[in-house]
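Biologist: I would like to learn how to read a fold from its coordinates. Can we go feature by feature?

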Amino acid sequence: MAIDIDISGMTCASCVVRVEKALKAVPGVRDASVNLATERAAVQGEGLDLQAILAAVEQAGYAARPTGTARVETARRMPAWWPVAAAALLSLPLITPMLLAPFGVDWMLPGWLQLLLATPVQFWLGARFYRAGWKALRAGAGNMDLLVAIGTSAAYFLSLWQLLNAGGHGHLYFESAAVVITLVLLGKWLEGRAKHQTVAAIRALEALRPAEAIVRRDGRDTVIALDALRAGDLMVVRPGERVPADGRVVEGASHLDESLLTGESLPVAKGAGERVTGGAVNGEGLLLVEATAVGADSMLARIIRMVEDAQAAKAPIQRLVDKVSAVFVPVVLLISLITLLAWGLATGDWQQALLNAVAVQVIACPCALGLATPTGIMVGTGAAARHGILIKDAEALETAHALTMVVFDKTGTLTEGRPRVLALEGDDPARLLALAAAVQQGSAHPLARAVTELAVARDVAAAAASESAALPGRGVRARVDGATVWLGNRRLLDEIGAGAALPPALVKAAERHEADGRTVSWLAREHNGGIVVEGVLAFGDQLKATSRAAIARLRDLGVDSMMLSGDNEGSARAVAQALGLTRWVAQVQPQDKADVVRGLMTEGRTVGMVGDGINDAPALAAAHVGIAMAGGTDVALHTAGVTLMRGDPLLVADAIDISDRTWRKIRQNLVWAFVYNVVGIPVAALGLLNPVLAGAAMALSSVSVVTNALLLRRWQPAPRPAPDTISTQPQGAHTMYELTVEDMSCGHCVGRVTKSVQALDKDAKVEVDLPTKKVKIDSSADIDRIAEAIVAAGYPVTAKSA
């Protein structure tokens with residue numbers, strides 16, 4: 001059982017430690033993790049009592065409410081920066097003499113005027129520090145607010161004592177107290193603004209949810225609130241509108257922009273029967289969509305939940321920070337006391353001793369320690385999510401940068417996961433394809449679908465077939481144009497008496513394809529009382545366009561790659577060689593994949609496993625980092641620590657890259673936070689820093705940590721190289737593509753577009769419809785390279801589909 005709560009009032013890492021301690025003391029709580037940046041706590045256990053959890057947090061001195069409930073706030077009449085501005089205006093006259101002193105101007109405000117200016121800053125604008133510090137004291141702990149309250153109070157009351165007892169002739173330190181409070185308020189305001197930016201990724205995802213949906217009921221279109229939408233409702237999605245929820249297209253065709261969900265920059269063609277994701281923007285067509293998943297079950301809601309969980313999670317390195325934070329404030333107060341006594345007893349100047357002690361308290365900054373790790377995680381996971389990489393937990397983020405071996409499952413990860421006709425061997429490939437399509441009509445077999453798809457792409461009409469019959473383990477038979485046609489393996493040819501005298505050229509071609517691990521089907525037909533072998537069809541699982549580039553990119557990052565496949569040795573070897581892999585394991589059973597991963601781990605490797613199916617789940621769980629491809633099974637997605645929203649293998653290297661960059665930012669932040677305190681506190685204790693400069697340094701430390709983390713927002717995935725058409729698009733397998741190309745206006749434009757395509761594939765057929773801007777292309781080149789060539793010719797490609 002798990003409960004998430006929002007907590008307000010935390011200001012530093014010490015607050016986090018105190019809240020966690022209070023939560024873990026509640027009966028039934030097994031574990032509690034508090035995140036300062038998100039101001040959220042995740043509580044796990046059995047038989048949890050929400051009211052007891054909220055009461056524990058409130059007793060520790062903080063406000064709490066269940067996550068997802070509305071925050072009760074009074075109407076804000078003034079902007080958030082007004083306390084900073086008010087404190088600055090009141091403090092400026094106090095610090096002006098200090099600013100003028102280097103120029104030889106000796107001027108000072110009367111003591112009573114200094115008191116009037118400093119008092120509202122101390123007790124009105126600085127009241128938040130007293131309230132939070134008092135709550136911490138009541139809970140038997142300390143925090144940053146307590147340090148600020150004690151330090152500034154010491155300077156204020158010392159000045160007040162001097163004013164009342166020395167007639168204002170002694171040195172007054174009202175400016176130190178007021179300016180320190182002003183600088184801390186400024187730092188907190190800047191920190192709050194920066195923290196607000198760290199959750200920009202979640203806000204962008206939440207903005208994808210439309211507030212309303214149009215549903216068709218009893219033939220009428222009705223506008224309803226999104227919360228009222230139910231699975232099974234027919235949603236009407238007009239051009240330019242967002243899809244309200246996940247569903248299946250019942251009627252219509254259009255292009256959907258899914259860039260914020262998947263990172264895919266070009267719109268994706270959708271038609272009847274195809275699935276759509278809630279949050280995608282509809283293009284030019286009207287769609288009627290049946291809702292299949294709504295509310296918390298939708299893909300968008302699951303993505304948001306995964307990002308929130310990752311941002312709220314605590315990285316293992318944070319445990320060290322928590323241990324330091326638990327004793328930070330007491331140690332600082334002890335050092336401050338030692339500084340006071342040492343300076344006072346050694347010099348007899350108790351005023352200077354008090355100022356040095358105040359500087360120690362003011363410069364100490366547990367805030368920077370508390371923010372160093374969570375801000376890095378929040379911005380890093382947010383940047384990754386914007387580009388289609390969902391990191392489910394902080395441990396995966398922290399581990400991914402150290403991977404030394406990535407193991408890929410072949411099918412659906414490095415390959416498309418569905419067979420295609422890769423070659424037609426025969427005297428008349430078009431007739432061969434027409435006969436094969438005729439025989440396979442009505443079959444749901446994957447090879448039959450591959451034949452039908454190629455026939456449709458090449459606009460080859462299949463003749464009518466009759467007396468179709470499946471021949472288990474051998475192939476299929478049907479009558480076409482009055483003659484029997486067979487399509488199947490070599491055993492089928494032997495059975496019908498056609499295997500004894502096969503054309504040598506076809507035998508050689510078949511042997512070549514089989515050596516490459518492809519499935520070979522022979523087509524034969526009756527002719528003049530005998531049987532004639534017409535040709536051979538070679539089937540294979542086509543490599544993804546970016547697979548080879550992904551392996552090369554991992555190699556450049558210093559990460560080795562390995563492939564696991566359940567296919568035969570020949571098929572696995574052919575794929576591995578095409579990808580440039582030197583390590584692969586063929587004929588691996590699903591239950592053995594996890595053993596392979598564990599074996600690599602015993603070699604001292606840090607292993608990442610990439611898969612997409614149920615049979616990959618044990619290996620994903622066994623690896624140091626499991627990476628699941630979207631489009632795979634829910635089991636794989638739940639098991640993995642990282643989910644790639646597009647089936648692009650290059651995203652694996654991108655996930656490692658963002659992990660490395662995030663980890664570096666976290667280390668930089670932690671080093672800065674520790675060094676700042678280790679250096680700053682002794683400098684203040686030695687009397688080399690006055691309270692005003694100490695306050696400025698303390699404010700700067702927190703802001704610098706958050707700002708450094710925000711630099712991760714600029715992260716972009718590596719540029720995509722041109723796909724390798726040799727390894728991914730075997731010769732002879734043409735595909736029909738349709739692209740939407742803008743800015744074409746005349747025959748010259750058509751000529752330039754055609755020329756750019758035929759520069760890649762001289763045999764490509766290009767048909768351009770200027771009014772609709774549609775370009776149909778029949779080519780063996782990859783669609784991404786075709787789109788790049790057209791763009792390079794000066795014509796933007798706004799949509800593409802195969």
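Biologist: In what sense do strand β19 and strand β20 pair, and over how many bridges?

Modeller: First, the ground rules. This is a predicted model, where local features need pLDDT of at least 70, side-chain atom pairs count only at pLDDT 80 or more, and totals for chains, interfaces and linings use all residues. Residues are numbered from 1 along each chain as its sequence is written, and side-chain values use heavy atoms, with hydrogens and water left out. Strands (E, at least two residues) and helices (H or I, at least four) are DSSP runs, numbered from the N terminus. Two strands pair if DSSP finds at least two bridges between them. Here β19 (483-488) and β20 (519-527) pair in the antiparallel sense, over 4 bridges. G488 stands opposite W522 of β20.

Biologist: In what order do the 6 strands of the open sheet run?

Modeller: The order is β16-β21-β20-β19-β18-β17, with antiparallel pairing. β16 (415-426) and β17 (465-471) are the edge strands, each pairing on one side only.

Biologist: Which helix packs on the sheet?

Modeller: Contact means heavy atoms within 4.5 Å. Helix α16 (429-439) touches β16, β17, β18, β19, β20 and β21. Axes are lines fitted to C-alpha atoms, for helices over the stretch in contact, and angles run from 0 to 180 degrees between N-to-C directions. The direction of α16 makes about 85 degrees with that of β21.

Biologist: At what angle do the axes of α20 and α25 cross?

Modeller: Roughly 25 degrees, and the axes come within 7 Å. Angles under 35 degrees count as roughly parallel, over 145 as roughly antiparallel, 65 to 115 as roughly perpendicular and the rest as oblique. The two helices, α20 and α25, are therefore roughly parallel to each other. A549, A550, R553 and L554 of α20 make the contact, with residues of α25 including L650 and V652.

Biologist: Which residues touch the most other members of the largest nonpolar core?

Modeller: A nonpolar core is a set of buried Ala, Val, Leu, Ile, Met, Phe, Trp, Tyr and Cys residues joined through side-chain atoms within 4.5 Å. Buried means under 20% relative accessible area, exposed over 50%, partly exposed in between (1.4 Å probe, protein chains only). This core has 71 residues, and I5, I7, M10, L23, I389, V406 and V642 touch the most other members. Helix α25 (650-685) gives the most to the core, with 8 residues.

Biologist: Which residues of α21 are buried?

Modeller: In α21 (569-579), they are G570, S571, A572, V575, A576 and L579. Just after α21, G580 takes a positive phi of about 80 degrees.
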